[in-house]
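Hi,

Here is the structure I promised to pass on. Have a look at it first, and then read on for what turned up.

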Amino acid sequence: MTLNLNTQQVLQRIQTAAQRGITEASQVVEATSVDLTPLGETGNLRQSAQVIPAVSTGSEVAGGVRYQGLPYIRRQHEETTWNHPRAGQAKYLETAKNQNTERVAQIIRNHIAGSI
């Protein structure tokens, strides 16, 4: 009996599944982070949240969440002494990531397991 395994095909399927998993997991983190994002007068900060779809570069797969387009985003995230009377908090993205660590891992595992 001879068994043949096309490892390139298997690796490609795993990489594609990882991309889907990371993108889905990023959507979970983004949704959580928006709820934690400070709500200013305009709501522009919350509206600037974006999922970065996962892409493959060589053997690495990466995606994520970003807030973009506003000059104060980084400071708003890092400044733990600021008050947010309307809603939200500092470290909104970091907190969302930490709150969803196991869920993110499970989403990615499920996608990869379903590909092989």
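To start with the aromatic rings: those of Phe, Tyr and Trp (for Trp, the six-membered ring) count as a pair if their centres lie within 6.5 Å, and planes over 60 degrees apart make the pair edge-to-face. By that rule there is 1 aromatic pair. It is formed by Tyr67 and Tyr92, edge-to-face, with 5.1 Å from centre to centre and 70° between the planes. Tyr67 sits in strand β2 (residues 60–67) and Tyr92 in helix α4 (residues 92–99), so the pair ties together parts that are 25 residues apart in sequence. Both Tyr67 and Tyr92 are buried. Do keep in mind that this is a predicted model.

Now the chain as a whole. It has 5 helices and 2 strands, and along the sequence they come in the order α-α-β-β-α-α-α. The radius of gyration is 18 Å, well over the 13 Å that the globule rule gives for 116 residues, so the chain is more spread out than a compact globule. Its C-alpha atoms fill a box of roughly 70 × 25 × 20 Å along the principal axes. Of the 116 residues, 31% count as buried. The accessible surface is about 7,700 Å², and carbon and sulfur atoms hold 51% of that.

One more residue to look up is Arg109, in helix α5 (residues 101–113). Arg109 is partly exposed, at a relative accessible area of 39%. Its side chain makes a polar contact with the side chain of Gln106, at 2.8 Å. From Leu11, Arg109 is 98 residues away in sequence and 15 Å away in space, C-alpha to C-alpha.

Cheers

Methods:
Residues numbered from 1 in each chain as written. Predicted model: local features only at pLDDT ≥ 70, side-chain atom pairs only at ≥ 80, totals over all residues. Heavy atoms only, no water. Phe/Tyr/Trp six-rings, centres within 6.5 Å; stacked < 30°, edge-to-face > 60°. Helix = DSSP H or I, 4+ residues; strand = E, 2+ residues; numbered from the N terminus. Buried < 20%, exposed > 50% of the residue type's maximum accessible area, 1.4 Å probe, protein only. Polar contact = N/O pair within 3.5 Å; in protein donor to acceptor, adjacent residues only side chain to side chain. Rg over C-alpha atoms; globule rule 2.2 N^0.38 Å. Areas by Shrake-Rupley, 256 points an atom, 1.4 Å probe, with all protein chains shown as cover.
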